[in-house]
Amino acid sequence: MTRGLLLFLAPLLCAADFGPPDFLARRAQVFDQIGHRAVAVVQAAALPEGFGVFRQANDFYYLTGLEVPHAYLLLDGRTRRATAFLPHRNVARDNNQGKVLAPEDAEEVKQVSGVDAVLGVEALAPQLASMQIRLPAPVLYVPSSPLQGVMGSRDELLKAAAEVASDPWDGRPTRSAQFLSLLRTRFPSLEIRDLSPVLDELRLVKSTREIELIRQASKIAALGLIEAMRHTKEGVFEYELDAAARQVFLANGAKYEGYPSITAGGTNAYMGHYMSNGSRLKDGDLVLMDYAPDYRYYTSDVTRMWPVNGKYTKDQRALCEFILAYRNALLKRIRPGVTADEVMNGARAEMTPLVAALAVSKEIYREGARGMLAFRGHLSHPVGMTVHDVGDYRKAPLAVGQVFSIDPMMWIPEERLYVRMEDVVVVTAGGVENFTDFMPATPDDIEKVLRERTQ
C-alpha cells in the first residue's frame, strides 16, 4: 500500500447520515414555501440500465433518505403530511441483489424517513385524482429540472437533454419531463408550478451534517490528488493518475465519483472540461488534475497543477504563485454579509499592483494575469450534492452555511496555456473555512510531494 493510502480517513457520522428530524425539518420548509393550499410531488430515480448501481436522485434523497427506485413523495400542504409511494416487493430481485424497501416495510420506511404514510406506487394516481373533485383544487408543485444522480449536475444534464432533443432519431423526454407531461394529461384541472426553485433555495445553505460530509469529501479528494502527484512521471498516461486518485477515493469509503476526472497534461488543460485522459505526460509540461469523489451523496471540487518532471520552471512558478496569491486574496475577504462582487472587487484591487512586478519572461504572461483579474468567475459555483450544485449565492450577501468553490484561473491563448487552482470553502460565522487548507498549494510544497514519487 502506498503512502497516500495510509492516510486513511475514519468513517464519518453513522451509516445513516441523516434521520427523521433532518427530513422533517426540510419538508417543513417546503410546506412553508408552497403554503396550505398546495401539494407537491417529488420523483425518485429509476433503476439504472444494465448493471449500473442504483443511486437515488438528490432531491428525493434530500427529503426522505430513501434509496428506493421508482418511488414518489407526496407533500400535502393542506395537512402538512408526507406520504411515500413505493413499488411493491420484488422477491426475485431482493433474493438476487439484496432487499429494497417496499410498502410491505411501512414501519421501517417511516423509521428511516419520518413520513406519515407509506403506500404502493399505484395509489398515487387515485390520490391526485381525488384532489380535483372539490374545487378549488390545490396547486400542484413538481420539480421541472432533470433528476440529479451520479455525476448529475443540472447544467450538464440540461446540455445532454438538448442534444437528445436535437437528434431526429431520438428526441425522448427526460424522466422528469415525462412525469410532468403525464401529470398535465391525466389531471388537467390541477395547476402545476415548479418546485425546483424552492428546493434549490433550501439546498443552497448546508446544515452542520452536510458540511461535515462535504469536508470529508474534500479531504478524500485532496488525498487522491496527492497520491496522483506521487505517481507522476514522464511517459505515464493521464488515466494512470486518475486511477491512483480513484483508489484513494474507494479506500476511504467513496463509492462513486462526483464528476469524471479532468486529468490534463500540457495543452490538454486549455480545454476546461477535458476528460479523455488518454495522453502521455511530457517532460516540461504542467499537468492539471480536477477530481473529487461522491461521498455518501456529497462531493467537492479540488484542482491542482504540478510539473511532470517534478520541478517548476521560473515562469511556471511565477504564474502558479500569482494564482495562489489571488486565491488567498479571495479567501481573506469571504465572510457573512459581504457580497460575491465585494469579495471579487477587493481581491482585484489588491492584486492589480502585483501584475507589473510579475517575474516572468514574456509579456503575454502579464497580459494573462491582467485578463485573469478582469474575469468575474473565480468565485465559482455552489458545491454540495453535485459538483455544480443548485442555488445562487451571488444574488444576496453571503450567508453562513453556503458552500462554493474558489477557482482562480488564467489563460495564455498564444501558448494554449491554462493555469488554475481550486478549493471548496464554507462561509462560517467567523469568516470562511477552506476544506483543503492542508493540501499542498505553494510550488515548494508541491515539489516536496513530487520528490516522494513512486518508481
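Me: Which side chain does D17 meet in a salt bridge?
Reply: The side chains of D17 and R296 meet in a salt bridge, with an N to O distance of 2.6 Å, where the term stands for a side-chain nitrogen of Lys or Arg within 4 Å of a carboxyl oxygen of Asp or Glu. The pair links distant parts of the chain, 279 residues apart, with D17 in the loop between α1 (3-6) and α2 and R296 in the loop between β10 (293-294) and β11 (303-307). Helices (H or I, at least four residues) and strands (E, at least two) are DSSP runs, numbered from the N terminus.

Me: Before I go on, what kind of model is this?
Reply: It is a predicted model, in which local features need pLDDT of at least 70 and side-chain atom pairs count only at pLDDT 80 or more, while totals for chains, interfaces and linings use all residues. Residues are numbered from 1 along each chain as its sequence is written, and side-chain values use heavy atoms, with hydrogens and water left out.

Me: Ok, back to that pair: is D17 buried or exposed?
Reply: D17 counts as buried, because its relative accessibility is 3%, whereas R296 is partly exposed at 23%. Here buried means under 20% relative accessible area, exposed means over 50%, and partly exposed lies in between (1.4 Å probe, protein chains only).

Me: How many salt bridges are there by this rule?
Reply: The count comes to 38 salt bridges. R89, D94, K99, D105 and E108 are linked in a network of them.

Me: And E107 with K110, what's the N to O distance there?
Reply: That salt bridge has an N to O distance of 3.7 Å. E107 and K110 are 3 residues apart in helix α5 (residues 106-113), so about one helical turn separates them, and K110 is partly exposed at 27% relative accessibility.

Me: Which helices hold R317 and D444?
Reply: The side chains of R317 and D444 form a salt bridge at 3.0 Å, N to O. R317 lies in helix α12 (residues 314-331) and D444 in helix α15 (residues 443-450), so the pair ties together parts that are 127 residues apart in sequence. D444 counts as partly exposed, with 47% relative accessibility.

Me: Changing topic, how is the protein divided into domains?
Reply: There is a domain 1 (20-203) and a domain 2 (208-451), with bounds that come from an automatic or database domain assignment. Their C-alpha centres lie 35 Å apart. The contact, which means heavy atoms within 4.5 Å, takes 21 residues from domain 1 and 19 residues from domain 2.

Me: What area is buried between domain 1 and domain 2?
Reply: About 1700 Å² is buried between them, and carbon and sulfur atoms give 53% of this; buried area is the accessible area (1.4 Å probe) that two parts lose on being put together, summed over both. In domain 1, R55, M151 and R203 lose the most area to domain 2, together 35% of what that side buries.

Me: How many salt bridges count between domain 1 and domain 2?
Reply: The count there is 4 salt bridges. The side chains of K395 and E201 also meet in a salt bridge, at 3.2 Å, N to O.

Me: Which helices supply the domain 1 side that touches domain 2?
Reply: α2 (20-34), α3 (58-64), α7 (154-166) and α9 (196-204) each supply at least two residues of that side. The residues of the side divide into 6 nonpolar, 5 polar and 10 charged; Ala, Val, Leu, Ile, Met, Phe, Trp, Tyr, Cys and Pro count as nonpolar, Asp, Glu, Lys and Arg as charged, and the others, Gly among them, as polar.

Me: Where does T299 lie?
Reply: T299 lies in the loop between β10 and β11, and T299 counts as buried at 1% relative accessibility. Its side chain reaches the backbone oxygen of P293 at 2.7 Å.

How values were computed. Polar contact = N/O pair within 3.5 Å; in protein donor to acceptor, adjacent residues only side chain to side chain.
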